[in-house]
Amino acid sequence: MASLLNIFRVLFLCIAVLAPISMAQARPVSREIASVYYSPEDPKPRFTPGHTLAETVLNYLGLTVTHFDLGKGLPKFNDPHEFRGILVWMEIDRLPDPEGFLEWLDAQMNAGTRVVILGDWSFLQNLDGKTVSLARVNRVLSRLGGRYTGDWEQFTFDFSVSHFDPDMTGYESEIVKPLPPFYAVERSANGSVPFVSAKPPQGNSDYVLGAFGPSGGFVQDGYAVRIGRNEHDRKWILNPFKFFSRAFNLEDFPKIDTTTLMGRRIYYSHIDGDGWRNISEIRGDDDEPLLDSEVVYRDFIAPYPDLPVSVAPIAADLDPNWAGTKRTGDIARKMFAAPQVEAASHTYTHPFQWSYFDKYSAKRETRDFGQNAHDMSARVLEFLGVADDVDASDTGLKKSYELPRAYIRRPFDLHQEIIGAADYISTFAPKGKKVELLQWSGDTSPFEAAIAMADSIDLPNLNGGDSRWDPDYPSLAWVAPVGRRVGKTVQIYASNSNENTYTRLWSDRYFGFRYLASTIENTESPIRLRPFNIYYHMYSGEKIASRNAVISNLELARKSSIIPITASRYARLGKGFFTAEIEKTSDGRWRVRNRGKAETIRFDNGAYLSVDFDNSSGVIGQTHYQGSLYIALDEAVDTPVIAVNAGKTAQRYPQASQPYVISSRWRAWDIQNDHGILHMKIQGFGAGEMQWRTKPSAVYKASVPASQDRPEWRKTITADSTGMLHFTIPLDGISGADLILEPVTE
């Protein structure tokens, strides 16, 4: 008996030792790109092409980006597998140590990191004009598909494109003639796959303008993006989706998706508080004057209980110790009482220029804006038509937004701005509600400590980005990324621009916000790139034209196949995009960790793919759309595991061992299968439209138990001959409920 116990002890010790070893061997798939810039020329990474152009595409492809400043030295990675690739896209002529930079790139490629080079070749000379040897340049370039001869072809009138891959070029614009000047690059010896080349009128040599190599790829400056005649006219020549996918080896890489939930396009809406106290040009029923915020409630919120909206007042507009009145507080209480309204904060004093407060000095603020700077809020004209009926010239400033913040009665206090504002605005919400979101003000460029303070109370943040894609901004190049890293924190961008950019800073074309519809359409097709987001200010309730523009967008949302969620949930989803980890298990399945509220995984080129539900866990549905397979995860499962089957034909919705979701307007989670009876939590806005896949002609009793404020709902539903089960729950799903699907057997 003792010997048997000893054997068990040995086995236990072996399991205890081996288990952590096997876990340690499971390494997350790298989904991080290191983008480099040089701060003396590009002082802020958010203005670099790596962020404004590449990062949007990389995000769609499931990758996150960290920007490294070469002005602070070469990046030092903790792990050779920490970064999937390095993006070099700089708009500068020279680097201080180009040879060291090239040696660093070579070393990273030796470690297995892939490299992509676009833009200016700043690594050819140092700041003193000393030329880097061709051997050093070509040790890097040859691994990307090219060999530099040392020549520069400046006069290109007689050159022509001799080869191009239509899958890689001509995405939004063709290559125009005369060709942009280029470096004389020949095809490298090993593994080079050129996809665009040029040739002179005489001679047999082709010059490579873009190529792939064993360790990545490159595109010469002027052949990735075409810059037109004005600041808005920029278009992709390169197909960035296919280029980055191949260069960074992403063909079979599962993507964290930020656009889709339960098989439908995400919808959310949020309102910044600017204009809360303005007197609207639109009158009340008895011709009484209304505040902009009162018009917003009457015309945009109350008629649309099916469309959630996050409302973010400026705390100073409610606080009577600053600029608040009983009337401004009452309308806040009325808005927050509406079930579809989420309480949010637009800060306390509405900073315009966040960098001004990074290393704040009250003395400096007083010096910059007068001896009475902290007692001048009564004279302040808030940016974009808020509050006081005062000309900007009356403040002693050329423009109201030259002030660092809208209200400067007291010295700036970051704690009050973030936590204090959330706490104070929450006092206007009914019991059970509180501020759930911070919506950045002004230039929407918070510094790290501001975001960290919101993170300290688990308050998600949103705003910035200003995505547009319409006749005035006619390109994917104007669609912003999901967000940006700020030190160790993350700022999540709003998915679309607000009416400010459509109305020339609220000075003209007050109808302009109706053109949001173009961006909504262009970011849905041919690929779903962004959620459906309606983002505006209280001052949209000030004019008839702006009022009608918002209503047209709300009506468009009502006609669309969407899943409405709160803006705070989207912000948490966006943060989950940055924190998620994906592991590939030894048996070919995919494990997802630390995803926050990101509940969808996308497999591109997925027409022949389907979920293997029997070998998956935490997976509740699948949808095929635009050639991709979207997989819905159960938010109640922390670490789902996904198994997929690859067929030889496009079998879109194969039958599985239990019903699964294809499309739903309501969220469903915590799905439990009790001997064939499905129990789940559901929540949503508007009618609960659902589509499931089950056995052909299967019959179910669907029921939602009664609650204090809702009667029981029951209905017998039948799948069609293909196994599609369509039904609508005609209840108010805002507060959440339980759904039971019980099969009916003969």
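This is a chat about some local features of one predicted model.

Visitor: Before we start, what kind of model is this, and how are residues numbered?
Guide: It's a predicted model, where local features need pLDDT of at least 70, side-chain atom pairs count only at pLDDT 80 or more, and totals for chains, interfaces and linings use all residues. Residues are numbered from 1 along each chain as its sequence is written, and side-chain values use heavy atoms, with hydrogens and water left out.

Visitor: Okay, aromatics. How many aromatic pairs are there in the whole structure?
Guide: A search of the whole structure turns up 43. Here rings of Phe, Tyr and Trp (its six-membered ring) pair if their centres lie within 6.5 Å; planes under 30 degrees apart are stacked, over 60 edge-to-face, and the rest tilted.

Visitor: How do Trp121 and Tyr183 sit together, stacked or edge-to-face?
Guide: Stacked, at 4.6 Å centre to centre with 10 degrees between the planes. Trp121 is in the loop between strand E4 (114–119) and helix H4 (134–141), while Tyr183 is in strand E7 (residues 182–187), and the two are 62 residues apart. For those labels, helices (H or I, at least four residues) and strands (E, at least two) are DSSP runs, numbered from the N terminus.

Visitor: Are those two buried or exposed?
Guide: Both Trp121 and Tyr183 are buried. Buried means under 20% relative accessible area, exposed means over 50%, and partly exposed is in between (1.4 Å probe, protein chains only).

Visitor: And what about Tyr360 and Phe412?
Guide: They make a tilted pair, 5.5 Å centre to centre and 55 degrees between the planes. Tyr360 is in the loop between strand E19 (341–343) and helix H9 (362–369), and Phe412 is in the loop between H9 and helix H10 (414–426), so this pair ties together parts 52 residues apart in sequence. Tyr360 is partly exposed at 23% relative accessible area, whereas Phe412 is buried at 9%.

Visitor: Where does the charged end of Arg31 sit?
Guide: Over the ring of Phe577, 4.9 Å from its centre. Arg468 lies over the face of Tyr502, at 3.8 Å from the ring centre. The test is that NZ of Lys or CZ of Arg is within 6 Å of the ring centre and within 35 degrees of the ring normal.

Visitor: Let's switch to strands. What does E41 pair with?
Guide: Strand E36 (residues 677–683) runs antiparallel to strand E41 (residues 737–743), with five bridges joining them. Strand E38 (residues 699–704) also pairs with E41 in the antiparallel sense, over four bridges. Two strands count as paired if DSSP finds at least two bridges between them.

Visitor: Which residues face each other there?
Guide: Lys681 stands opposite Asp738 in E41, and Ala702 has Leu741 in E41 as its bridge partner.

Visitor: What order do the strands take in the sheet with E27?
Guide: E26-E27-E32, an open, antiparallel sheet of three strands. Strand E26 (581–584) and strand E32 (641–642) are at the edges with a single partner strand each, so one side of each has no neighbour in the sheet.

Visitor: Back to H9. Which of its residues are buried?
Guide: Glu365, Thr366 and Phe369. They cover an arc of only 100 degrees around the axis, which puts them on the same side of H9; the arc is taken from the directions from the helix axis to the C-beta atoms. Lys363 and Arg367, on the other side of H9, are exposed.
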